[in-house]
Amino acid sequence: MALIVNVHDAKTNFSRLLEQAHGGQEIVLAKAGKPYARLVPLAPGAAARLPGRLAGRIDATFFEPLPDDELKSWEGK
């Protein structure tokens, strides 16, 4: 459940609200009693790509042409 906080209180308690959002709490900022913005934690970043992590796991058969029936299904025919 989101915590609803008016803008004035949010300015006064911004550090505390920021810690709550970092901890997973969704905070809705309200202006004149109407929802105005949402303070949420950032999504975790994507894992770093590692070049060569599939080395030795893909052989020449991976690059063989597809059979005609499978190729037609990919082309929507």
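A: Start with Phe62. Phe62 counts as exposed, at 56% relative accessibility. Exposed means over 50% relative accessible area, buried under 20%, and partly exposed in between, with a 1.4 Å probe and protein chains only. This is a predicted model, where local features need pLDDT of at least 70 and side-chain atom pairs count only at pLDDT 80 or more, while totals for chains, interfaces and linings use all residues. Residues are numbered from 1 along each chain as its sequence is written, and side-chain values use heavy atoms, leaving out hydrogens and water.

Next comes Phe63. Phe63 is exposed too, with 63% relative accessibility. Phe63 sits in the loop between strand S3 (34-39) and helix H3 (68-74). Helices (H or I, at least four residues) and strands (E, at least two) are DSSP runs, numbered from the N terminus.

Now the rings. The whole structure holds one aromatic pair. Phe62 and Phe63 form that pair, edge-to-face, with 5.0 Å centre to centre and 85° between the planes. Rings of Phe, Tyr and Trp (its six-membered ring) pair if their centres lie within 6.5 Å; planes under 30 degrees apart are stacked, over 60 edge-to-face, and the rest tilted.

The loop between S3 and H3 also holds Pro67. Pro67 is partly exposed, at 44% relative accessibility. Pro51 lies 16 residues from Pro67 along the chain, and their C-alpha atoms are separated by 30 Å.
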